[in-house]
Amino acid sequence: MSHATATAHETPAHEVGEGGHHYQPSVPLSIGKFAMWLFLATEIMFFTGLIGSYVVLRFGSKSWPTPEARIVTLKTGEEVRGEEAEKTKDSVTLVLESGKKRTIQKADAVSEGEHGWIRNQSPLNLPLTAANTFFLICSSVTMVLSLSAAQGGDRAKMLRFLLATIVIGAVFVGIQVFEYRKLIFEEHFVPGTNIFASCFYVMTGCHGAHVTGGVIYLITVYLRALAGKVGPHNHEPIEVAGLYWHFVDLVWILLFTVVYLI
Amino acid sequence: MSDSIPLASTSSAASNNDWITLTQGARDKAKEYLAANKDREVVRVTFDAQGNLGLELDKLRPGDKTFAQGDVTVAVGGVAADLVKGLVVDFQSSGGKVGFSFGGTAPAATDPKVAIKARELIAAGGAGHDQHSHVSQYMNVFYSLIVLTVLELGCTWLPIGKLAVVLMLMVLAVTKAALVGAYFMHLKFEGRWKHVILVPPTMLAIILVFALMPDISFAEHGNASTKTGASVGQSGHGIEVPAEAPASGHGNH
């Protein structure tokens, strides 16, 4: 994009377009956006590495604590592990590792306090994390609405939506921390427990670190916006920050599906 | 004259040759720039924060007023059109400096304050129409994401085989990711550079994972790890495993 004023040299090093976008004449893309996309390209590889190794490790395992995996302790002391195939009031049919099915009667099993007689192999809290996923999606929406407001010239709306994004992002991190505490101190599910635990903590931990960094990044943009440096006249920083935030949301969408649901 | 230029837009394209004048030199230069930037359609008159007039290469936007000057179409934000009436744009080299210069009787050319006002007018008025259509689009994407998430959660209760559930979940997840990428990250509307930046890392990521799978997933390592929960390395192809190995492989509780 070529922007020349009366006294400008014919081909300046870069030009400033509307909304504060800084352009290189050779690349049809503003510098900030280009840099952020390059960074996101590396992040794609980073998270694909993590999720990819999870898939690879899981493929190579005979059993894995999936959402349907159960443990039933019999009165004889035997522990039966398998994926739930059928469940009635008084019995459950588990598919064992060997592939054979085994039906266990409630009467033969030990009931352990609040766990009941059928326990989950996976200690993860699916409903809470599903809610968390919803929150993160909401924060993505508020982020894009903030950018839209900035592009439309509405500074107050832009600030409001930006603040909403920050708050919801912080809530997401808070809920993740709450879950971690419960997993570590109550369920005794630590990275050393098994390979699933190790994968889980590395993946969600790295993602959580990215969200935390994103919240801090957004706070700096927000402070600059309050100071007037960022706004409808200069909305490029909001767009660039938005790219990072949407990417973090995108990764979580995939992570949640792969780790919690499959 | 502007009718012959097939520009898809909703501009109020009442062309008036006398409104803005580009000298021959300016026209030639503008044509040159447009030819070098194939996805730009018009030369846009802009006003910066200091009240300086400038020219930009751009696409047509709703609310633009366009003026045909030979082969070059000049656009300006509709609300500011009156302020550029009588503008003369020249391209010259004088005293070692090269560039576009602005003159004529246009109020914006003679008084920087007018130019600043024009800029504010465009920011406030011109984009309003744009914004509404985008917000409803974003909300539609939001509702779709919610529905897809609910479908994902409901998938596990369907009475179909595990493989079918996994496939459905992956399709839903990828759809959600694509929606966020295309609309929130604006990729649907970006140029060809997105392929240059995104395709190589995606290819590398997928290829590397599949390249490692035979080594890690399908190799026989001989013994199940007793400390780790999942017996990594056992062949995934249904070869019989000694009874005692799996039981010791779980360390959940």
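Reader: How close do the axes of α1(A) and helix α5 of chain A come, and at what angle do they cross?

Author: A word on the ground rules: this is a predicted model, where local features need pLDDT of at least 70, side-chain atom pairs count only at pLDDT 80 or more, and totals for chains, interfaces and linings use all residues. Residues are numbered from 1 along each chain as its sequence is written, chains are lettered from A and ligands numbered from 1 in the order in which they are written, and side-chain values use heavy atoms, with hydrogens and water left out. Helices (H or I, at least four residues) and strands (E, at least two) are DSSP runs numbered from the N terminus, while axes are lines fitted to C-alpha atoms, for helices over the stretch in contact, with angles from 0 to 180 degrees between N-to-C directions. For α1(A) and α5(A), residues 236-261, the axes come within 10 Å and cross at roughly 10°.

Reader: What does that make α1(A) relative to α5(A), roughly parallel or roughly antiparallel?

Author: Angles under 35 degrees count as roughly parallel, over 145 as roughly antiparallel, 65 to 115 as roughly perpendicular and the rest as oblique. The crossing is at roughly 10°, so α1(A) is roughly parallel to α5(A).

Reader: Which strands are at the edges of the four-stranded sheet in chain B?

Author: Two strands pair if DSSP finds at least two bridges between them. The sheet is open and mixed, in the order β3-β2-β5-β4. Each edge strand pairs on one side only, and the two are β3(B) and β4(B).

Reader: Which helix packs on that sheet?

Author: The helix touches β2, β3, β4 and β5 of chain B, and its direction makes about 85° with that of β5(B). It spans residues 24-36 and is α1 of chain B.

Reader: What percentage of chain A is buried?

Author: Buried means under 20% relative accessible area, exposed over 50% and partly exposed in between, with a 1.4 Å probe and protein chains only. Chain A has five helices and seven strands. Of its 262 residues, the buried share is 54%.

Reader: His188(A) has a positive phi; is this residue buried or exposed?

Author: Most residues other than glycine have a negative phi. For His188(A), phi is near 55°, and the residue lies in the loop between α3 and α4 of chain A. With a relative accessible area of 54%, His188(A) is exposed.

Reader: What is the relative accessibility of His186(B)?

Author: His186(B) also has a positive phi, near 70°. Its place is the loop between α5 and α6 of chain B. His186(B) counts as partly exposed, at 25%.

Notes. Contact = heavy atoms within 4.5 Å.
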